[in-house]
2 protein chains.
Amino acid sequence: MTTKRNVLFIMCDQLRYDYLGVSGHPRLKTPNIDALAQRGVRFVNAYVQSTICGPSRMSTYTGRYVRSHGSTWNGIPLRVGEPTLGDHLKEIGVRNVLVGKTHMVPDREGMARLGIVPDSLIGVHVSQCGFEPYERDDGLHPDGPYDPAPDYDAYLRSQGFDADNPWEVWANSAEGGDGELLSGWLLSHADKPARVPDEHSETPYITRRAIEFIGEAEADGRPWCLHLSYIKPHWPYIVPAPYHDRYGVDDVLPVVRSDRERQHPHPIFAEFQHERVSQAFSRPGVRERVIPAYMGLIEQIDDQLGLLFAYLDERGLTDDTLIVFTSDHGDYLGDHWLGEKQMFHDVSVKVPLIVVDPSPAADATRGTVSEVLVEQIDLAPTFLDYFGGRPKPHILEGRSLLPLLRGERVENWRSYVFSEYDYALDRARIKLGTPVPDCRLTMVADGRWKAVFVEGFRPMLFDLDNDPHEFDDLGDSEDHAEVRQRLSDAFFAWARRPRSRITRSDEAIAAKDDAQRAYDRNIESGVLIGYWDETELAEERAKRARYLASRRPE
Amino acid sequence: MTTKRNVLFIMCDQLRYDYLGVSGHPRLKTPNIDALAQRGVRFVNAYVQSTICGPSRMSTYTGRYVRSHGSTWNGIPLRVGEPTLGDHLKEIGVRNVLVGKTHMVPDREGMARLGIVPDSLIGVHVSQCGFEPYERDDGLHPDGPYDPAPDYDAYLRSQGFDADNPWEVWANSAEGGDGELLSGWLLSHADKPARVPDEHSETPYITRRAIEFIGEAEADGRPWCLHLSYIKPHWPYIVPAPYHDRYGVDDVLPVVRSDRERQHPHPIFAEFQHERVSQAFSRPGVRERVIPAYMGLIEQIDDQLGLLFAYLDERGLTDDTLIVFTSDHGDYLGDHWLGEKQMFHDVSVKVPLIVVDPSPAADATRGTVSEVLVEQIDLAPTFLDYFGGRPKPHILEGRSLLPLLRGERVENWRSYVFSEYDYALDRARIKLGTPVPDCRLTMVADGRWKAVFVEGFRPMLFDLDNDPHEFDDLGDSEDHAEVRQRLSDAFFAWARRPRSRITRSDEAIAAKDDAQRAYDRNIESGVLIGYWDETELAEERAKRARYLASRRPE
């Protein structure tokens, strides 16, 4: 590396691609994110590799598809030894630092098998998905056995918000007229302010921790990739004042759903429509109660990012720092008769993605919008590329976005994007009677068409040009057999080519091709395959000698 | 486990399925192996998962397809953390012990990343593919940087066979009339005896080491799985007296090849026909020189197995020991205009497989022949099953053979077998200009038809019923489009279902289905998704309470 470089990798949780000012939301105010888009490229076809937190993030942090890293659902550990962005950056002397959420669950059995002590330096690296956990806050800390207490709890207590679980009781609850606690998990309370004042709520706290890290890193001197990973606007849908009151019923966009979607839905789609959360969001009044809070949470993030960007300016870091703003998946919020995110409609599988490359080479693309098909697994190779690391296509299944950001001519960009979902841990498996290993959904999309292949069932198919709201499932339309076949062929081509040979690079394999062309390289190892006698062997050795002589400098 | 049980897992290297008396070779004498077949089941459709040593063995030792474990070629390390048979047996207190060859190459980079010291207990376990290396002898120790010196070298020296490399100079060389060394690597010397006497050659040495282990294991008392892994009849094709003289030109079977195979061969087949070793074996006189040595090496193994089986009898172990006899792949020996083994004709991809289950339950199948489609990845689950371990279908992609051995009714046995070969490290890649990640060959066979899918080229197809010698490639025959499609569909179905979620078992995923049917299990963790208010939540909590009450004993 010739110049100082850093990466600020900002991720929201459950933020829809269309809930930003810059992506066209008519009411939501996100001036700082909008301004960021003016400084970089906004990718409008950015897809996550799975539509729930854990597997989506594991793909982003490893640069590999879900079927490659194998952490197919929330809470399923990432196997020990699965290479992460942190491993690749470590090799080139870059710190990979976490402030916020990863949803990583360590593979304790795998670590035990390998004798790795969880709280050793390497144990922490493995347990934290390759991140140096400056501040780990997975954001969900309800009463129960869910997650260990975050440092944020201690912070709240230190500020006088005392409780066994201040995250639950202060940051994610409201207060009733008689001082009673009203849980922020319950949708009916989404219109009330959280009990904690804005400055002590999670988003500002996490932002300050990021700023503290950046300050400390100046003295340290090593380049860094900082993953600033907000839990919000994810559940619980509750936000402190004044954000709880910034938006109202009039600011809620009309729901995007059609009665046609309930008439003959695909069996898996039908099951998710039956889920409690989907039924809740389909009832009158629920969206109107929840969405203003969702929007408030986003505006709060935007305000905090304003402070963070100002700090980068102040410290003179803006010109050295590649900034990414994105999310791990969207949120149905009642669209398509669904809540949560487990299917592959655009509102779930597409995410906002803004990338600001500070290099002068990227000046020509600033403020532009790119419709290129991007996958979230492109981020890890992008960061590696930005820091000057060598590409690792035998491990990283995504591609660096830098050439796109720099307006370079890019050959053979992908024609299809893929996303996967494993419903083995959903009730849908039980209802449909699907065997556990078959609970595989695979989305294949080309920008115009989107197919979802469902092991054991017919596929779904949507025409995004003629049916941008994805109301009409053409999965069994006779007129569309050809399109389905083409997307199925793309799926097959993809499935045939997993990157599992992670211990030897393509480069290393091709490194001695010149020699291999000139003579049988096996003779160097003494493994002599196919030689009749000493004469034949001597001839081959002579070829080798001539080759080596030809390469010696004069 | 209620009774004492052991497994003796014998593997030869490069032994063709048809080079045994019991499999119909008219000249070759293998009475001990033939007798073994009388005590168990001989599987005549047993396929390896790759046609060269390294990946084939990594599949056998992990119970996983090559595309899953990723060690696609000789010398490509098995990634650290890839679970092995040894890991599964360790969990249930069974020693997994090696005497002989594995071809394992440790993932030193991966170990370093995880802070695993290679010569620590765990480092050795990882480096030895999950085996306790009682005697590691990878069998190839030519002069050169190939392999570290085996203990067998020290043994030879101790017996007076002194040299820098006694493996090369004594065990794998002959002597000329003037006392000059004649390398056993060179095919022209295959008719001469190795310099070392039979008793000190590799096969008897390794057999004695196995016997020593078995003797020591009696005192130890723990059950064991002993992998007795002969390097022979693999290259170098040289054998000590009297075996060098047991077979002659008259014992060599006619070559199996057709001029049709040279007329319009598939490009990848053509490239392997052009290889030096293929050209050598296609020249007159070469097979006649080499094959008698190959047969002598097999007879020597058979004699040694006679001693070993007698020892098991003597120690009273025969009734407790499941015995497997197999190989890691075959050898073309000039058939199909090829040498070595890189394609998928039966002589390469099929291996001998005899399994003797000593349990009374298996009495009914003794001496029978099974035509069931077996893959070498079935061995690891078979051993686990024999020792009473729980099945692990989320990791092990093969299936236990025990039900077949015990004549039980088996539902849904596989209809297709798969084998893979990565030619990225062959000259064929350079000649054909194939990109490194695309050098994938995948064989799909159903017992009657065999297709080989070649990324970037048309497939090959053989009709084993009407063309048992596999001379006629129907890969572009218009009449066979339907068969090719069916095999391609099977390939796709297989490619869609890799077992990569290795950190959570299918069983664990389905463990709480009853509860999940009765109420929303999320409420236990405090993550409350989709509840409008306290009433709804209380209703769900009541459902849970009723469920728990219903399960309480009266």
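## Exercises on a two-chain model

Arg276(A) reaches across to Glu540(B) in a salt bridge, with 2.6 Å between the closest N and O atoms; a salt bridge here is a side-chain nitrogen of Lys or Arg within 4 Å of a carboxyl oxygen of Asp or Glu. This is a predicted model, in which local features need pLDDT of at least 70 and side-chain atom pairs count only at pLDDT 80 or more, while totals for chains, interfaces and linings use all residues. Residues are numbered from 1 along each chain as its sequence is written, chains are lettered from A in the order in which they are written, and side-chain values use heavy atoms, with hydrogens and water left out.

**Exercise 1. Find how chain B is superposed on chain A.**

Step one: apply a rotation of 180° with 0.0 Å of shift along its axis, and chain B falls on chain A with an RMSD of 0.1 Å. Step three: compare the surfaces; 100% of the contact residues of chain B recur in chain A, so the same surface serves both copies (contact means heavy atoms within 4.5 Å).

**Exercise 2. Describe the interface of chain B and chain A by area and by residues.**

Start with the residues: 90 of chain B are in contact with 90 of chain A. Next comes the area: the two chains bury about 8100 Å² between them, with 57% of it on carbon and sulfur atoms. Buried area is the accessible area (1.4 Å probe) that two parts lose on being put together, summed over both. In chain B, Arg79(B), Arg276(B) and Trp532(B) lose the most area to chain A, together 10% of what that side buries. Finally, look at the charges: the rule finds 16 salt bridges across this interface.

**Exercise 3. Look at salt bridges inside each chain, starting with Asp506(A).**

First, the total: the structure holds 100 salt bridges over all chains. In chain A, Asp506(A) pairs with Arg501(A), the closest N and O atoms being 3.2 Å apart. Both of these residues are buried (under 20% relative accessible area, 1.4 Å probe, protein chains only). In chain B, Arg57(B) forms a salt bridge with Asp13(B), with 3.0 Å between the closest N and O atoms.

Notes:
Least-squares fit on C-alpha atoms with pLDDT ≥ 70 in both. Buried < 20%, exposed > 50% of the residue type's maximum accessible area, 1.4 Å probe, protein only.
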